[in-house]
Amino acid sequence: MAFELPKLDYAYNALEPYIDAQTMEIHHTKHHGAYTSKLNAAIEGTDLANKSIEEILANVSQHSAAVRNNGGGYYNHNLFWKIMTPNGGGKPSGQLLEAIEKDFGSFEQFKETFNNAAASRFGSGWAWLVKQENGKLVVGSTPNQDNPLMDLSELKGTPILGLDVWEHAYYLKYQNKRPEYIDAFWNVVNWEEVAKRFSA
Amino acid sequence: MKFSLPQLPYALDALEPRISKRTLEFHYGKHHQAYVNNLNKLILGTKFENADLETIIKEAEGGIYNNGAQVWNHTFYFSSLSPNGGGVPTGPLAEAINESFGSFDAFKEKFSEAAATLFGSGWAWLVKNDDGKLEIVKESNAGNPLRQGKVPILTCDVWEHAYYLDYQNKRPDYIQVFWDCVDWNIVGGRF
């Protein structure tokens, strides 16, 4: 079964002014679209063709660079579109907020840690909020399209929030000013969806 | 040693329409400048405070390496280009390319492929090995072949910031115009 490029739950211009419509459209149709078709090409006719993306990533060290790069790119962008919404921003609540306060001290401290991870990732990659197997929340980053579900990743666990810091995610609007893009991101975070992933 | 941003050897709009003035304003004026500034801050009080860039590239790690190599890489990249670029190399470089790759077209195809397939941010390089032979290498992020004892002859920056304003996801289009900007007199002189 081939993987499909998912539709977005909102219009390309819905995240304006934080993320512009042109960036969203190219990011979704071209970048995510290319990861999807290249992943399908890499697994076609192999025993990976019947596996879920999570299963593929869990043993990705045994597969080709094409599976690692495009499988990661496919999964990461799926998550990224879901954890954003035009009605986003603010703070989490309930159990997720409690867990964040327990593991980071406060929501503000969590945000600062996450901002640092996103700003200091050199080159292309992702910043993550990850739920570890023991339930603890940690923040970290991965290079290129790697992610915490991959067996070869140093940062391991279930990603519940992710921020794309490849330059293609922000260059048309923010150019070299990655920190401004990171600041803007907090206005569109879908905390309901992040909480759902936390409780899953 | 305090590093400073070297002069761009042409005007910011000189490579239009292949590489836009806007791209160079950011690429040279912001990115290259930021690597210089970061490096100057990071080396203070370290053993690299008085080192030259080549020493930093060969011996440093982490932020000092990343910023030092990026200063060098960008200076090298910008000075490989010219508004009067394009065409083909001549003389000893042309002969060495033919010897190592069969023909200039075969070299161009192989270098373009290396630049197009480098995943994430990085650089495609033409380098000279110890034995005088030419080789194409891909380096991620700030990677610089001097660290492996290879001599850089030509490089193409494939960080998205090098082309995203002009070409967005179409990296191969950028690589194609890159060839029209390469100044083979300068590149041949390095060889």
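**A histidine pair and its surroundings**

Guide: In this predicted model, the side chain of A:His168 makes a polar contact with the side chain of A:His31, at 3.4 Å.

Visitor: Why is the pair A:His168 and A:His31 called a polar contact?

Guide: The limit for such a pair of N or O atoms is 3.5 Å. The value here is 3.4 Å, and therefore the pair qualifies as a polar contact.

Visitor: Is A:His168 buried or exposed, and how do you know?

Guide: Its relative accessible area is 2%. Buried means under 20%, so A:His168 is buried. The residue lies in the loop between strand 3 and helix 6 of chain A, and its contacts include B:Glu160 and B:Tyr164.

Visitor: What makes A:His77 count as buried?

Guide: A:His77 has a relative accessible area of 0%; the threshold is under 20%, so the term applies. A:His77 is found in helix 3 of chain A and touches, among others, A:His27, A:Asp164 and A:His168.

Visitor: Which residues does UniProt place under the feature "binding site", and how do you know that they gather at one spot?

Guide: The unreviewed UniProt entry places this feature at A:His27, A:His77, A:Asp164 and A:His168. Although they span 142 residues in sequence, no two of their C-alpha atoms are more than 12.4 Å apart, so they gather at one spot.

Visitor: What puts the buried residues of helix 8 of chain A on the same side?

Guide: The buried residues are A:Trp191, A:Glu193, A:Val194 and A:Phe198.

Notes:
Residues numbered from 1 in each chain as written. Chains lettered and ligands numbered in written order. Predicted model: local features only at pLDDT ≥ 70, side-chain atom pairs only at ≥ 80, totals over all residues. Heavy atoms only, no water. Buried < 20%, exposed > 50% of the residue type's maximum accessible area, 1.4 Å probe, protein only. Helix = DSSP H or I, 4+ residues; strand = E, 2+ residues; numbered from the N terminus. UniProt positions renumbered as here; feature names shortened; annotations may be inferred. Contact = heavy atoms within 4.5 Å. Polar contact = N/O pair within 3.5 Å; in protein donor to acceptor, adjacent residues only side chain to side chain. Lists of a residue's contacts leave out its neighbours within four places in sequence.
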